[in-house]
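Have a go at each task before you read its solution.

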Amino acid sequence: MLGKILFVLYLAFVIYFLLFSDWYGRSGTFQEYHYNLELFKEIKRFWYYRNQVGLLSVGMNIVGNVVIFIPLGFFLPMASRGRSLFLTVFYGFGLSLLVETFQLLTKVGSFDVDDLLLNTAGSLLGYLLFMVCAAIRRKNVRSKKNKNRKR
């Protein structure tokens with residue numbers, strides 16, 4: 001139940017932050033459509049101009065796009081019965097595609113395939129983190145059961 005609640009709160013945060021947050025530059029709209037369909041183009045551009053745009057901007061674009069989807073990969077298998085790597089990554093990609101398409105159609109932000117890649121990588125990392133935590137939890141539960149049996 002806790003996983004489901006955290007998952008819903010996380011989704012509300014992501015939708016607000018990526019689509020409507022003034023802090024993230026979503027207060028205005030572009031006059032024309034902005035999009036990037038070339039993989040690694042924006043990542044390379046941010047890295048190449050890192051001295052001009054600043055490391056904070058580079059971090060927000062590259063690391064931020066990964067980090068914001070890590071909770072999705074963590075909470076989704078916690079909130080669902082199916083704990084499939086494929087489904088978690090598929091839903092991570094799907095949510096990212098929805099966000100990017102919404103940004104393109106509303107001209108608030110831009111559609112960027114690099115963001116799709118980075119967001120999907122974040123959901124994969126979140127899933128891997130969930131699996132590590134689940135393995136540690138199972139080990140601790142087994143350890144406690146063995147201690148109780150020895151008493």
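Predicted model: local features only at pLDDT ≥ 70, side-chain atom pairs only at ≥ 80, totals over all residues.

**Exercise 1.** Find out how the rings of Phe-74 and Phe-75 are arranged.

*Solution.* A search of the whole structure finds 5 aromatic pairs. In the pair formed by Phe-74 and Phe-75, the ring centres are 5.6 Å apart and the planes meet at 80°. Centres within 6.5 Å make a pair, and planes over 60 degrees apart count as edge-to-face. The pair is therefore edge-to-face. Finally, look for Phe-130: ring pairs link it with Phe-74 and Phe-75 into a cluster.

**Exercise 2.** Describe the lining of the second largest pocket.

*Solution.* First, note the volume of this pocket, about 190 Å³. Then list some lining residues: among them are Phe-74, Met-78, Phe-130 and Arg-137. Now sort the lining by type, which gives 5 nonpolar, no polar and 3 charged residues. Last, trace where the lining comes from: helix 5 (70-79) and helix 7 (113-150) each supply at least two residues, and helix 7 gives the largest share, with 5 residues.

**Exercise 3.** Which ring has the charged end of Lys-107 over it?

*Solution.* Follow Lys-107 to its charged end, which sits over the ring of Tyr-33, 4.7 Å from the centre. For a further example, go to Arg-50, which lies over the face of Trp-47 at 4.2 Å from the ring centre.

Terms used: Residues numbered from 1 in each chain as written. Heavy atoms only, no water. 1 Å grid on protein atoms, 1.4 Å probe; cavity = no way out; pocket = protein on both sides within 12 Å on 5 of 7 lines; lining within 4 Å. Points joined across faces, edges and corners; volume = space filled by probe spheres on them. Helix = DSSP H or I, 4+ residues; strand = E, 2+ residues; numbered from the N terminus. Nonpolar A, V, L, I, M, F, W, Y, C, P; charged D, E, K, R; others polar. Phe/Tyr/Trp six-rings, centres within 6.5 Å; stacked < 30°, edge-to-face > 60°. Lys NZ or Arg CZ within 6 Å of the ring centre and 35° of its normal.
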